[in-house]
2 protein chains.
Amino acid sequence: MCDDAAMDADADPDSDLTARVLASFAGTPSPRLRELTSLLVKHLHAFVAEARPTEAEWAHAIDFLTRTGQLSDDRRQEFILLSDVLGVSMQVIGINHAASETATASTVFGPFFVEGSPEFANGDDLSGGAPGDPCLVTGHIRSTTGVPLPGARIEVWQADETGHYDVQYADLPTPQGRGHLFAAPDGSYRFWTVRPVAYPIPSDGPVGELLRATARPVMRPAHIHFMVTAPAHRTLTTHVFAAGDPHLGHDAVFGERPSLITPFTHHAPGPTVDRDWYSVDFDLVLDPL
Amino acid sequence: MCDDAAMDADADPDSDLTARVLASFAGTPSPRLRELTSLLVKHLHAFVAEARPTEAEWAHAIDFLTRTGQLSDDRRQEFILLSDVLGVSMQVIGINHAASETATASTVFGPFFVEGSPEFANGDDLSGGAPGDPCLVTGHIRSTTGVPLPGARIEVWQADETGHYDVQYADLPTPQGRGHLFAAPDGSYRFWTVRPVAYPIPSDGPVGELLRATARPVMRPAHIHFMVTAPAHRTLTTHVFAAGDPHLGHDAVFGERPSLITPFTHHAPGPTVDRDWYSVDFDLVLDPL
């Protein structure tokens, strides 16, 4: 069934494959989607051409990606975690949040944000009973123009002293270490929580397999997540990192930024708190739109 | 909390991000895994740097990949389908099956192969009652050296006249259009099935969304899948394509190869079959290991 002429047509079978795939996207109505799909094909084919995966390796990649999707649900997003450990989340942050030099630096969003957190007043305790050393967090929200931003919404989420976020517990009845509040008329904010600790990113899934197979550290230095929104300003997604954490310098998700490293001050038991406690002062400065 | 020195350190925050991510994989014990992860980071970061996705676009990509994993199970593999429509499956085939000029060309494996197909004898009907015009498939299995390969295992799978594979039906009690047989002592094989028709690839999932958004055709030209294994020879994964199919030239998964296009001969009702039927003769030629 194979005559010689037909065979010759196959002699260099894939010389034009990438061109044919690119051509298949040429009719995409949206110019931006046409650009994105064309660039995806170009770079994906370049990766495959250089990596030359065996069929077993490609099947492993397919299986890895499939399991990464299947592990994700409304409480866990393993694909965001994969994007994080490959440095892509941080790269996307860098592309979209090239903040001015006087604004607070952005960092990764991470997989543990949850919509609909409880609301707190300034001075409240948002730990929700999470285990850990008490920690008072204070600061001011302002614009890079210098004006305070009263009413700015401050969303906070963090792990407890065991290194777990509330959503990682199966049956927690209420949120812990998670909430939102609004800046006071002078732009200040103030809440109690527990002192954050370094923790391993979830390593019981495909991302954990990848990190173990590549002998990469799984720890994130201690941090508290912030997302700050204010009218006429760019939303700021960032962390405060605890100065002195031994895992600074090799954050598993490349989220560390020097300007975000801030001292957490130790306080001995006293009239305010009857056990060891900590405090941190962290200003959040937003770029105008 | 942000002094000027710290701010300066962030002035060009991501100038060394890719280098830091590459460095994180430098300790990978397996040299091949180190190579694969490094190339992945290099090409993935190059894609992101050139495409400059917004955060919303990246979130859409994460969601797309997540749903692609979640739609996959033991009867459907949406990630293989994604690899297929991006031309990567065909690229991997090309890298790993650079067949000699006299061997049968390879093509995509596709998402519908199932382990453990029923065994048939030469001359049997493997349609299993699938709807369609009867079709007799014959040919010889041989080595590129010219010697016949008696006992070669021939795995066959195909869609019925509605364009569906058996595994796409929810409650089919037994396989249809799927089976394996072994080449006779002279290397010949022969089985009855139904004539394959062109069909759309599954388009109710993320891959279908992608093809619609990019105005790409979803059809595959009519074909029967073969996978042939014989001792001391390379496994051959291929299709026979039906000559004259109007979808030849724009196969949704880029699997088409000129040398695999073969006439399916029409036969009027007669003593052998009391309705219109077809036949195709398709030899399968394997490279020695």
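Q: What makes up the area buried between chain B and chain A?
A: In this predicted model, about 7,200 Å² is buried between chain B and chain A, and carbon and sulfur atoms give 62% of that area. The contact takes 81 residues from chain B and 81 residues from chain A.

Q: Why is the pair B:Glu50 and A:Lys42 called a salt bridge?
A: A salt bridge needs a side-chain nitrogen of Lys or Arg within 4 Å of a carboxyl oxygen of Asp or Glu. The side chains of B:Glu50 and A:Lys42 meet at 3.0 Å, N to O, so the pair falls within the 4 Å cut-off. The count between chain B and chain A is four salt bridges. There are also 29 residue pairs in polar contact between the two chains, both residues being at pLDDT 80 or more.

Q: Which helix gives the most to the side of chain B that touches chain A?
A: That is α3(B), with 17 residues. At least two residues each come from several helices of chain B, including α1 (4-9), α3 (31-51) and α7 (206-213). By class, this side of chain B has 42 nonpolar, 23 polar and 16 charged residues.

Q: How do you know how the two copies are related?
A: Chain B superposes on chain A by a rotation of 180° with 0.0 Å of shift along the axis, at an RMSD of 0.0 Å. The copies are therefore related as by a two-fold rotation axis. The same surface serves both, since 100% of the contact residues of chain B recur in chain A.

Q: What confidence does the predictor give?
A: The complex has an ipTM of 0.84 and a pTM of 0.83. Chain A has a mean pLDDT of 92, with 95% of its residues at 70 or more. Over residues 1-13 of chain A, however, pLDDT stays under 50. Where pLDDT is low, the predicted coordinates should not be read in detail.

Definitions and conventions: Residues are numbered from 1 along each chain as its sequence is written. Chains are lettered from A and ligands numbered from 1 in the order in which they are written. Side-chain values use heavy atoms; hydrogens and water are left out. Contact means heavy atoms within 4.5 Å. Buried area is the accessible area (1.4 Å probe) that two parts lose on being put together, summed over both. A polar contact is a pair of N or O atoms within 3.5 Å; within protein, one must be able to donate a hydrogen and the other to accept it, and residues adjacent in sequence count only if both atoms are side-chain atoms. Helices (H or I, at least four residues) and strands (E, at least two) are DSSP runs, numbered from the N terminus. Ala, Val, Leu, Ile, Met, Phe, Trp, Tyr, Cys and Pro count as nonpolar, Asp, Glu, Lys and Arg as charged, and the others, Gly among them, as polar. pLDDT is the predictor's confidence in each residue, from 0 to 100. Copies are superposed by least squares on the C-alpha atoms of residues with pLDDT of at least 70 in both.
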